[in-house]
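Dear colleague,

Please find below the structure that I am handing over to you. I would be grateful if you could read the notes that follow with the model open beside them.

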Amino acid sequence: MSSAIASSSSGASSAAAAAAGPQPALEIGGRFPVLRVADGQWYPAEIVHKRETADRANSQEYFIHYLDFDRRLDEWVGIDRIDVSNPAGTLESAGLDPLASSGGDKTRLTRHQKRKFHEIHHVPQSVEEMDAATAALEREHQELTKVKYIDLIQIGKYEITTWYFSPYPDEYGKQTKLWICEYCLKYMGLEKSHRYHLSQCEYRQPPGREIYRKGNLSVFEVDGKQRKLYCQCLCLLAKLFLDHKTLYFDVSGFLFYILCEVDRHGCHIVGYFSKEKDSPDSNNLACILTLPPHQRKGYGKLLISLSYELARVEGLVGGPEKPLSDLGKVTYRSYWEYAILDYIQSHPSCTVRDICSATAISRDDVQDTLHGLGLLQYWRGSYDLCLPQRTVQEHLLRILPRKPQLIDAACLQWSPLYPKSPKAEKRVRLSASSLEVEPGNRLHEVAVLHKV
Ligand SMILES: CC(=O)SCCNC(=O)CCNC(=O)[C@H](O)C(C)(C)COP(=O)(O)OP(=O)(O)OC[C@H]1O[C@@H](n2cnc3c(N)ncnc32)[C@H](O)[C@@H]1OP(=O)(O)O
């Protein structure tokens, strides 16, 4: 926490400043240390937007972005949390949750978003022009989504602080709190409308077929084409916790898999993932979300394992749409490490191809994971899968005791809703053949079990 300013001294000066009388309004773009209530520390931040408040003593409030940290930490603050006497430009930011950092990868548009943009704008496809167009699209996205108005949602028994802007229609989009029906996902601006709605709503589960049930957990498959309104409401809800996501209204090309905790009152949504019906990039998952009160309980990996299980039934090898968010990366990394090491443990002489076929994880993701685990070696111009027993055992000891809760294939009742188009069939064949041995690339043929 080297750069965080001692909260006591700055806090005192700001409180004194606030007590001294009305402050001049600060300019958008100005940079100051701002007190973050979550940890009581001061961090350099930039003013992104401002608005009048009803409170006379504190007539302006400011939407600020903590420099170099993920936008989910952006928030509305009063002048009493801004140290106006100390411009923050010289401060380094450090000490927040490392995962909150937006990191070096500033361009976080998905391939789907880029493709759509290029289709609409007929952007020439040279590398420089595509980079410039992508940067423009990123700037446009930042501009459109820079201010988050909805701070809180009430869904079921949970009041949840939101992370990002979501394009709820105007009168709702500018409210500070929304009430959302946990069954049909309809949103309301008043608590009393919500109470009335609950007495009328006939939904007690997502409007689709139940494809999985084990214990108190169920998964429902909902078709975006059949249940457009429900899926649009789901996307608007999800956008509150996903920074880079543009699917809100055009949901017909997607299927949605909703994970619920079930009790005698009904099926309570805890998370979901969406999937393109016909993904040109062999993606088995487009977006994934666990609602914040249910995060870090293993539901993310459960949903990820379902996405691979469905792909396995379809005979597909693939992965999630990239790029992943910071939380997406840690969760996928954890799942991939577990799935791959679990397979290696029972197949010590396996090849990369075997791993891909057994786990349905794409070759790139298998390769990256093995590389991160130190199980790939560069040797005379090619990568070898190298499984020194001691290293493998160390990883297994670290990872396998924390066995995640994965989908139990015996409890899954699913067959694809849509038969594959001839184009998709071709892609499946191609992705299978890309796992074959390639001349000069020993990665796929060499499996070495070294005794150390
Ligand atoms: C293709 C895409 O959609 S990318 C976008 C991914 N979605 C998002 O970013 C939306 C917001 N985030 C989320 O909804 C959730 O965080 C998800 C879906 C990514 C993960 O869901 P969860 O239910 O929390 O997953 P789960 O409990 O299985 O595992 C979370 C892992 O992340 C780790 N993790 C979560 N938060 C943190 C953190 N702040 N610091 C360090 N590790 C963290 C957990 O320790 C756990 O790893 P482990 O099993 O190795 O201990």
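Predicted model: local features only at pLDDT ≥ 70, side-chain atom pairs only at ≥ 80, totals over all residues.

Helix packing

I begin with helix 7, which spans residues 299-314, and helix 8, which spans residues 326-346. Their axes lie 10 Å apart, and the two helices pack at an angle of about 60°. Because of that angle, helix 7 counts as oblique to helix 8. The crossing of this pair is right-handed. On the side of helix 7, the contact is made by Gly 300, Lys 301, Ile 304, Ser 305, Ser 307 and Tyr 308. These residues meet Thr 331, Tyr 332, Ser 334, Tyr 335 and Trp 336 of helix 8. By class, the contact of helix 7 with helix 8 comprises five nonpolar, five polar and one charged residue.

Helix 8 also packs with helix 10, formed by residues 363-372. Here the axes come within 10 Å and cross at roughly 85°. Helix 8 and helix 10 are therefore roughly perpendicular to each other. Helix 8 contributes Arg 333, Trp 336, Glu 337, Ile 340 and Ile 344 to this contact, while helix 10 contributes Asp 365, Val 366, Asp 368, Thr 369 and Leu 370. The residues of this second contact divide into five nonpolar, one polar and four charged. Please note Trp 336 of helix 8, which is listed in the contact with helix 7 and also in the contact with helix 10.

Backbone geometry

Lys 322 and Pro 323 are joined by a cis peptide bond, with omega at about 0°. Pro 323 belongs to the loop that runs between strand 15 (319-320) and helix 8. The other point is Arg 296, which is not a glycine and yet has a positive phi of about 65°. Arg 296 sits in the loop between strand 14 (287-290) and helix 7.

How many cavities of 30 Å³ or more does the model hold? The count comes to one. The space in the largest cavity is about 60 Å³. Its lining consists of 10 residues, and those closest to the centre are Arg 71, Asp 74, Lys 148, Trp 163 and Tyr 164. Sorted by class, the lining of the largest cavity has five nonpolar, one polar and four charged residues.

With kind regards

Definitions and conventions
Residues numbered from 1 in each chain as written. Heavy atoms only, no water. 1 Å grid on protein atoms, 1.4 Å probe; cavity = no way out; pocket = protein on both sides within 12 Å on 5 of 7 lines; lining within 4 Å. Points joined across faces, edges and corners; volume = space filled by probe spheres on them. Nonpolar A, V, L, I, M, F, W, Y, C, P; charged D, E, K, R; others polar. Axes fitted to C-alpha atoms, helices over the stretch in contact; angles between N-to-C directions. Helix = DSSP H or I, 4+ residues; strand = E, 2+ residues; numbered from the N terminus. Parallel < 35°, antiparallel > 145°, perpendicular 65-115°, else oblique. Left-handed = near helix turned anticlockwise from the far one by under 90°. Contact = heavy atoms within 4.5 Å.
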